[in-house]
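Thanks for asking me to look this one over.

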Amino acid sequence: MPVTIRAMARSYVHEARKRVGRRRERIRPVIERLAREHDAVIALRFRDELELLVSVMLSAQTTDVAVNRVTKRLFLKYRRPEDYLAVPPEELEADIRPTGTYRQKARNLRRAMKVLIEEFDGHLPTRVDDLVRLPGVGRKTANVVASERGATQGIVVDTHVRRLSQRLGFTRQHDPVKIERDLQRLVPKEDWARFPHLLIWHGRRVCIARAPRCEVCVLNDLCPSSRV
Ligand code: SF4
């Protein structure tokens, strides 16, 4: 009977999963090894909760380095939510332009500041369900902001967390909400805040999207996608 390519692939994946063991048994050693390799810290620079929110909103589709370069000057000029509404929209657009998609980001920032002032007395809420009421703030941004403020309520799923969770066999899902649900069942709650940081740094340095460096990866004996 001819063996189809799909059947071969299925058997390869099955074999790889058997080799590395169950994900519940692998999750702790994965976290411990990554914690020895990487600092579980965010690369964005901010001094208070408002700067944190703005930095995370600006970081969509660009690098943290680019955001830090812009916010260094931006935060000298815009200190309170009202400051973002006090200038003409074009001025704010020009001030954040190097972060890309600057018109949309400026629009979201202004609308978010308005809601912050009108509904939250100018203070950033703590609950993720309240944070997502701010225009331009999705679940990922809300989770990042809540975690950085010590009020972790979920697991941040960005492009690195999604890719590494799939490669490590922690999820078969593609939708970020479903991936987060899988990870919440798997990752010990006390690690929810640091887990995404560890995967993000590992994804940037080792488990790179196009060319994972499995030969130098500290997880290669725990990873069903390892090429070594
Ligand atoms: S072994 Fe390879 S695929 Fe698995 S986490 Fe490491 S770099 Fe990524």
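1. **Overall fold.** Please keep in mind that this is a predicted model. The protein has twelve helices and zero strands, so the pattern along the sequence is simply one α after another, α-α-α-α-α-α-α-α-α-α-α-α. Taken along the principal axes, the C-alpha atoms fill a box of roughly 70 × 35 × 30 Å.

2. **How α6 sits on α7.** Helix α6 covers residues 89–96, and it packs against α7 at an angle of about 120°, with the two axes 9 Å apart. Because of that angle, α6 is oblique to α7. The crossing of the two helices is right-handed.

3. **What touches what in α6 and α7.** From α6, the residues in contact are P89, L92, E93 and I96; from α7, they are Y102, R103, K105, A106, L109 and R110. By class, this contact divides into six nonpolar, no polar and four charged residues.

4. **How α3 sits on α7.** Helix α7 also packs with α3: their axes come within 10 Å and cross at roughly 150°. The cut-off for roughly antiparallel is over 145 degrees, and α3 and α7 are therefore roughly antiparallel to each other. This crossing, too, is right-handed.

5. **What touches what in α3 and α7.** Here L50, L53, V54, M57 and L58 in α3 meet K105, N108, L109, A112, M113 and L116 in α7. The contact has nine nonpolar, one polar and one charged residues.

6. **The largest pocket.** Its volume is about 760 Å³. The lining has 36 residues, and V56, S59, A60, K140 and D158 lie nearest the centre of the pocket. Two or more lining residues come from each of α3 (49–58), α7 (102–120), α9 (139–148), α10 (159–167) and α12 (194–205).

7. **Make-up of the lining.** Which element gives the largest share of the lining of the largest pocket? That is α9, with six residues. By class, the lining of the largest pocket divides into 15 nonpolar, 14 polar and seven charged residues.

Notes: Residues are numbered from 1 along each chain as its sequence is written. This is a predicted model: local features need pLDDT of at least 70, side-chain atom pairs count only at pLDDT 80 or more; totals for chains, interfaces and linings use all residues. Side-chain values use heavy atoms; hydrogens and water are left out. On a 1 Å grid over the protein atoms alone, a cavity is a set of points where a 1.4 Å probe fits but cannot get out, and a pocket is an open set with protein on both sides within 12 Å along at least five of seven lines; lining residues have an atom within 4 Å of a point. Grid points are joined across faces, edges and corners, and a volume is the space filled by probe spheres set on the points. Helices (H or I, at least four residues) and strands (E, at least two) are DSSP runs, numbered from the N terminus. Ala, Val, Leu, Ile, Met, Phe, Trp, Tyr, Cys and Pro count as nonpolar, Asp, Glu, Lys and Arg as charged, and the others, Gly among them, as polar. Axes are lines fitted to C-alpha atoms, for helices over the stretch in contact, and angles run from 0 to 180 degrees between N-to-C directions. Angles under 35 degrees count as roughly parallel, over 145 as roughly antiparallel, 65 to 115 as roughly perpendicular and the rest as oblique. A crossing is left-handed if the near helix is turned anticlockwise from the far one by less than a right angle, and right-handed if clockwise. Contact means heavy atoms within 4.5 Å.
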